Amino acid sequence: MVSIAFVGAGSVVFTRQLVADILRYPELADARLVLHDIDPERLRVAEGTARQVSRQLGASATVEAYADRRRALDGADFVVNMIQVGGIDATLKDLEIPARHGLRQTIGDTTGVGGVFRALRTFPVLEGIANDMRELCPQAWLLNYTNPMAMNVWWISTVAPDLKVAGLCHSVYWTAHDLAELVGVPVEETRYRAAGVNHQAWLLEWEHQGESLYPRLRETIRRDPGLERRVRVEIFRRLGYYPTETSEHSSEYLPWFLRSDEQIERYRLQPLEYVGISRENVAEFEAARRALAAGEDLALEDGASEYAPQIIHSLVTGTPREVHVNVPNHGLIDNLPQGAVVEVPAEVDGDGLRPVPMGSLPVQCAALNQPYVSVGALTVEAARTGDPRLVRQAVLMDPNASSTLTPEQIWALCDELVTAHGDLLPEPLRALVPAGAL
């Protein structure tokens, strides 16, 4: 019986989909599912959700739930991480405090000021998980879903290089599916590979019956002027390769889109969009709790769109697949820094998971990725050394922040966020740094 631990299982809707995708595989229908969350009520609802999904699918899963993380990790074969340190309150601070300083974000969980502070809150908990895994399940795979993906996987590779870790995101999967629908080709007939960094990878190979689909995409865009008012289409137009994350996400990684009201209107963007999404997530949790209390069946999506269930199934059964993962760059992308975390295809089967070396990215794509990588490098180094100046320098390197705020304003913003997040941050990084200090 395979044992799968879910850390942060209180993300109930996501837990529900992962559990459903896992239990739909006959070979995993009797899996041991062990749930952990620090919120007792969310953990209770997550446990009820997992049991209900198992019943609805006619599976025979064993479901356990523990507030004690070590009990949850003991003996795990796979650890699925989806924590949100500080919850919705911390997320709102990451968005609303910068907005008061004049800095606009849409999602704020990947890079830039929101990503930096989310990472710094998450690193201590990740290190605790890694230390527990070394003791209790050293051979387990850690499958990370928590953002900021690249920085979190980078931190794990720094503090626990001996663990088997893969960062998982559905952006490449959904980009390929949505584009196939847009150009009128069944996605199962396409072949696609992407590489770059998480939420800013590039669709390098995209073919149907041996022919590139890019000419068809360009023609589709020409026929629909509305598509030209999307951030991703503008990036595609300027760089020649389609990015793998939504326009909303992509807009805040660059200096081009959120700096003016005119650009926001032109590209149909909504600053602070994740504030609404966060509140919708709370509403979805409440709906799940009511459905369980009423004994109702839970709505389950069709198909396995997430990579964690596919990877677990392939490693357990030997079924070969190709997925996309986020892992340290050890010879995988030649023109991005070695050791940085990159997103690349990976082959997975019973012998393991093997990232595919992709050579060099198109030089313009690597150039666009470089500031993103620099923000991550400075954030990881800030946590490693305890130097609070590096936190400010990380935000200073972010294209969106530096296109909007002066260095002095960035220092003041970081001081306010440090004060707001308090003891969620590593102790050495709670220090304030005067903007004029030498």
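Predicted model: local features only at pLDDT ≥ 70, side-chain atom pairs only at ≥ 80, totals over all residues.
## How α6 meets α14

When α6 passes α14, the crossing is right-handed.

Which residues bring α6 and α14 together? On the α6 side you will find A150, M151, W154, W155 and T158. On the α14 side they meet Y372, V373, V375, G376, A377, T379, V380, A383 and R384. Sorted by class, this contact holds 10 nonpolar, three polar and one charged residues.

## The end of α6

Now follow α6 to V159, a residue of this helix, which covers residues 149–159. Setting aside its neighbours within four places in sequence, V159 is in contact with E127 and R134.

## Helix α5 and its two partners

Helix α14, which spans residues 363–385, also meets α5. The axes of α5 and α14 come within 10 Å and cross at roughly 35°, and this crossing is right-handed. From α5, the contact uses G112, V116, A119, L120 and F123. From α14, it uses V375, T379, V380 and A383. What classes of residue make up the contact of α5 with α14? There are seven nonpolar and two polar residues, with no charged ones.

The other partner to look at is α4. Helix α4 covers residues 87–100 and α5 covers residues 112–136, and their axes come within 9 Å while crossing at roughly 150°. That angle makes α4 roughly antiparallel to α5, since angles over 145 degrees count as roughly antiparallel. The crossing of α4 and α5 is right-handed. On α4, the residues in contact are A90, T91, D94 and P98, while α5 supplies V113, G114, F117, R118 and R121. This contact of α4 with α5 has four nonpolar, two polar and three charged residues.

## The nonpolar cores

In soluble globular proteins, nonpolar side chains tend to be buried together. In this model, the largest nonpolar core has 148 residues. Which residues have the most contacts inside this core? They are I4, F6 and V79. Helix α5 gives the core its largest share, with 11 residues.

Take F6 as an example. Leaving aside its neighbours within four places in sequence, F6 is in contact with L18, V19, I22, L33, V34, L35, H36, V80 and M82. There is also a second, separate core of five residues, among them L95, I107, Y274 and V275.

## The enclosed helix α9

Is α9 largely enclosed or exposed? Seven of the nine residues in this helix, which runs over residues 231–239, are buried, so α9 is largely enclosed by the rest of the structure. The buried ones are V231, R232, V233, E234, I235, F236 and L239. They pack against several elements: α7 (171–183), β8 (200–208), α8 (214–223), α10 (247–251) and α14. Just after α9 comes G240, which has a positive phi of about 90°.

In the loop between α8 and α9 you will find L227. Because its relative accessible area is 17%, L227 is buried; the cut-off for buried is under 20%. Apart from its neighbours within four places in sequence, L227 is in contact with L182, T220, I221 and V233. L227 and T49 are 178 residues apart along the chain, and their C-alpha atoms are separated by 39 Å.

## A buried charged residue

Finally, find D415 in helix α17, which covers residues 407–421. Asp counts as a charged residue. Is D415 buried or exposed? With a relative accessibility of 16%, D415 counts as buried. If you leave out its neighbours within four places in sequence, D415 is in contact with R392, L432 and V433.

Note on methods. Residues numbered from 1 in each chain as written. Heavy atoms only, no water. Axes fitted to C-alpha atoms, helices over the stretch in contact; angles between N-to-C directions. Helix = DSSP H or I, 4+ residues; strand = E, 2+ residues; numbered from the N terminus. Parallel < 35°, antiparallel > 145°, perpendicular 65-115°, else oblique. Left-handed = near helix turned anticlockwise from the far one by under 90°. Contact = heavy atoms within 4.5 Å. Core = buried A, V, L, I, M, F, W, Y, C linked by side-chain atoms within 4.5 Å. Buried < 20%, exposed > 50% of the residue type's maximum accessible area, 1.4 Å probe, protein only.
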